[in-house]
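Open the model in your viewer and keep the selection panel at hand. Each stop below says what to select and what is there.

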Amino acid sequence: MNKPPTAGEPPTPLDDLLALLDLEPIEENIFRGTTDRPILVPRVFGGQVAAQALVAAGRTVPADRHAHSLHSYFLRPGDPAVPIVYTVDRIRDGRSFTTRRVVAVQHGQPIFHLSASFQMHEEGLEHQEPMPAAADPSTLPTAAEMLPRYATHLGGQDRVERILEARAAVDLRYADEPPFASVGEPREAKSQVWFRTNGKLADDPLLHIVLATYVSDMTLLDSVLLAHGRGGWAVGDVVGASLDHAMWFHRPFRADEWLLYDQESPTAQGGRGLARGRIFTQDGRLAVSVIQEGLIRVPRGS
């Protein structure tokens with residue numbers, strides 16, 4: 001996907017992530033992805049599965065058609081110890097739109113299902129809501145600067161190092177205090193982060209969409225946690241997982257340039273929380289819309 005690292009130089013965390021997303025074709029419409037990444041919970045990170053599935057779909061689509069939406073369901077926890085096989089169904093190849101369905105399989109069972117639509121470039125009506133106010137990303141602390149402050153909340157410095165390692169390919173900066181900074185203090189159900197990859201990417205539009213898909217699952221449920229004063233999975237005061245995930249890609253963007261991820265939660269009920277997000281380029285263009293529902297259960301006695 002990206003150029004390989006220069007001979008003699010060790011791969012960067014971004015190189016490792018791009019290698020993870022560069023699936024192996026094993027038969028027509030069938031691809032295999034690895035799961036060899038630092039993990040924080042005993043299952044494959046949902047953003048990884050969604051990103052790999054989108055790569056599989058994109059590998060079967062003409063280059064002049066770009067992803068404009070995806071809709072997906074997380075069916076079973078992914079096993080980080082074994083590869084994932086992605087099977088692509090070529091549902092439709094129309095004059096303007098192409099549709100693909102992808103099923104991710106481990107141990108003979110589907111763990112994830114994705115439908116993605118691709119469209120040829122077309123001119124049309126255009127409008128967008130304005131970008132919300134947000135702090136300049138250059139003024140915000142990096143993860144390496146921020147997370148050690150909350151080592152006690154997160155379970156110690158070892159846990160902090162694991163989080164930093166798992167997210168090393170992405171420069172992700174909270175515009176406000178994260179959920180684990182104010183456990184027990186309910187706040188407005190809104191959250192903002194800035195993100196970009198820690199390194200430059202090739203010009204392939206699908207690559208940038210795939211990287212945004214990967215990152216989109218990292219913080220989207222934060223807004224649900226904030227509304228209830230919960231620190232989240234990093235703290236252990238909730239048990240949760242992504243249930244479904246939908247994205248719409250409106251305008252071109254680069255994942256190696258600053259993107260504002262503005263997130264909010266309109267409701268939580270029945271052990272589930274709904275979150276929606278908008279991703280803006282730094283110059284104010286609405287690039288992506290995201291909606292996710294997650295399983296969020298409070299352990300007994302907490």
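Some ground rules come before the first stop. This is a predicted model, where local features need pLDDT of at least 70, side-chain atom pairs count only at pLDDT 80 or more, and totals for chains, interfaces and linings use all residues. Residues are numbered from 1 along each chain as its sequence is written, and side-chain values use heavy atoms, with hydrogens and water left out.

**Stop 1: the hairpin**

Select residues 24–27, strand β1, and residues 30–33, strand β2. Strands here are DSSP E runs of at least two residues, and helices are H or I runs of at least four, numbered from the N terminus. β1 and β2 pair antiparallel over three bridges; pairing takes at least two DSSP bridges between two strands. E24 sits opposite R32 of β2. Two residues separate β1 and β2 in this hairpin, and N29 in the turn has a positive phi of about 70°.

Find I30 and look across to T87 in β4. Then colour β2 by face: F31 and G33 lie on the covered face, I30 and R32 on the uncovered one.

**Stop 2: helix α2**

Select residues 46–58. How enclosed is α2 by the rest of the structure? It is largely enclosed, because 13 of its 13 residues are buried. Buried means under 20% relative accessible area, with a 1.4 Å probe and protein chains only.

**Stop 3: helix α6**

Select residues 205–216, helix α6. Eleven of its twelve residues are buried, so α6 too is largely enclosed by the rest of the structure. Among the buried ones are H208, T213 and Y214. Next, show D204. D204 caps the N-terminal end of α6, with a side-chain oxygen 3.1 Å from the backbone nitrogen of L206.

**Stop 4: the second largest pocket**

Select H121, F249, H250, R251 and P252. Of the 27 residues lining the second largest pocket, these are the closest to its centre. A pocket is an open set of points on a 1 Å grid over the protein atoms alone, where a 1.4 Å probe fits, with protein on both sides within 12 Å along at least five of seven lines; lining residues have an atom within 4 Å of a point. The volume of this pocket is about 880 Å³, counted as the space filled by probe spheres set on the points, which are joined across faces, edges and corners. Elements giving two or more residues to the lining are β3, β6, α6 and β9.

Methods
Buried < 20%, exposed > 50% of the residue type's maximum accessible area, 1.4 Å probe, protein only. Polar contact = N/O pair within 3.5 Å; in protein donor to acceptor, adjacent residues only side chain to side chain.
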